[in-house]
Amino acid sequence: MNLTTPSSPISQDEINSILWKACDTFRGTVDPSEYKNYILVMLFVKYISDVWQDHFDEFMLKYKGDETRVRRQLDKDKFKLPDDARFEKLYAQRNEPNLGEIINEALEAIEDANKEKLEGVFRNIDFNSEANLGRTKERNERLKNLLNDFNDKRLDLRPSRTNGRDVIGDAYEYLIGKFASGAGKKAGEFYTPPEVSELLAALVDPQPGERICDPACGSGSLLIKCAKQVGSDNYALYGQENNGSTWALAMMNMFLHNVTSARIEWGDTLNNPLLVENDKLMKFEVVVANPPFSLDKWGADNAPKDKFKRFHRGTPPKSVGDYAFISHMVEASHKANGRVGVIAPHGILFRGGAEGKIRQQLIEENLVDAVIGLPPGLFYGAAIQTCIMLLKRDKKRNDFLFIDASSGFEQGNPQNTLRKQDVERIVKTYKTRKSIDKFSFLATYDEVKEKGYNLNIPRYVDLYEPEPEININKVQKEINQLEIQLNQVQKEMQAYLKELGYGA
């Protein structure tokens, strides 16, 4: 790979700019929810190719140019890259008439060489798809432009050129965020805004040695934020994702963030949970999720005969699956020290019927620890109000913290964002469990029971701002003074008109 060595490490903004420019190849002709796969897979191939080149150069120096020994050493790497699958080899074939087929074969070779980590990851991504990329001529032109964009001499992703920064992981999340913006309502399938993930990770506070699970993991960003919160490599990540292409994104995202031991399953968590051991649900110290909001047709008919008895508190409505996910998450958490954090619509706090009964039982079992109202407009394609519900399996005190954080954010277009100070204030309030005027309230069990087990935050956090008192005497004096001034002006005006011959 004959890249020009930059005089200084490439910045994250430069990388992001190059990658976003590559999207022009598809923008306007392919839906963002589709073309994100092609951009992100090519980013993955470019990265592993650059890492391979870095190791090759390092071993060539170590073994004084003995390529046989170098190749033997590369075969011992934790990640294998077949020679014909390197980005440089793909770029050299950019003018071939069967370019899409060539890229597909390279991806298949990468999978075969790394079955333990990547088996099946590329099965839903077809670079030779006429339906997604157009007829042969247009498809070849788009793929050639894509390879040209990624061949930018500045886009050197070798670790030795990035000073050990996690530039590739950051670039990956940058692109996922940009695609989420363009994908609208579909964005929630694969993306949670990073500051929301960071907030939830800080609230559940995973510790070294703990197992962390996201049963609706999307592209895996929330799991990765939880891993970073641990502060060491002593953790185990688990996830499940129903959408095949989004599952593939999660697998690549884990690899790009050097999380090589994560177990991410592909399947429907509510109807077919795959994170099981000894024919029982696996148990985790931390369970977090941003599941699809109010999922319709989630499988309510199967709930009564669920082999894991996850819905013993009641079956959520067929058309609203929020408490189905919450029920699963609670049952997947350790009874001794499990913590659950879920992002959901505000409706989970006050809706009645079956949901009200489930909520009441969770409260009576002293599992609900806190609810936090989030600012509007944080999520792409979701205008509804959202909240975080925190539950604890080993909760000692029988109180409930309510936080109204709806006014602490930075206005954006199209999306609002949580600022660092907003996140810090929420986390600090949660840890200290203090009532703060117009921000938080620590309620007793009796107070919650008195309100019919309704957890709607405005019932507890009073945001009422009284109207300022009006001093009638002062206002009357001001009116009198204005009338005097008006009378004076009218007299002066009459005098001027008289001088000009217009006065009576």
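Mentor: The model is predicted. Its largest nonpolar core has 106 residues, and Ile39, Phe127 and Phe150 have the most contacts inside this core. Helix H2, residues 32-62, supplies the largest share of the core with 15 residues. Take isoleucine 39: apart from neighbours within four places in sequence, isoleucine 39 is in contact with Ala22, Cys23, Phe26, Leu146, Phe150, Leu175 and Phe179. There is also a second, separate core, with 36 residues, among them Met282, Leu367, Ile457 and Tyr460.

Now turn to isoleucine 372. This residue sits in strand S8, which covers residues 368-373. Isoleucine 372 counts as buried because its relative accessibility is 0%. Not counting residues up to four places away in sequence, isoleucine 372 touches Leu203, Thr386, Cys387, Ile388, Leu390, Ile403, Ala405, Ile426 and Ile457. Between isoleucine 372 and threonine 315 there are 25 Å in space, C-alpha to C-alpha, and the two are 57 residues apart in sequence.

One of the residues that isoleucine 372 touches is Cys387. Cysteine 387 is likewise at 0% relative accessibility, so it counts as buried. The closest cysteine sulfur to that of cysteine 387 belongs to cysteine 226 and is 17 Å away, so the two are too far apart for a bond. Cysteine 217 is buried too, with a relative accessible area of 5%. The structure as a whole holds zero disulfides.

Technical notes. Residues numbered from 1 in each chain as written. Predicted model: local features only at pLDDT ≥ 70, side-chain atom pairs only at ≥ 80, totals over all residues. Heavy atoms only, no water. Helix = DSSP H or I, 4+ residues; strand = E, 2+ residues; numbered from the N terminus. Buried < 20%, exposed > 50% of the residue type's maximum accessible area, 1.4 Å probe, protein only. Contact = heavy atoms within 4.5 Å. Core = buried A, V, L, I, M, F, W, Y, C linked by side-chain atoms within 4.5 Å. Disulfide = S-S within 2.5 Å.
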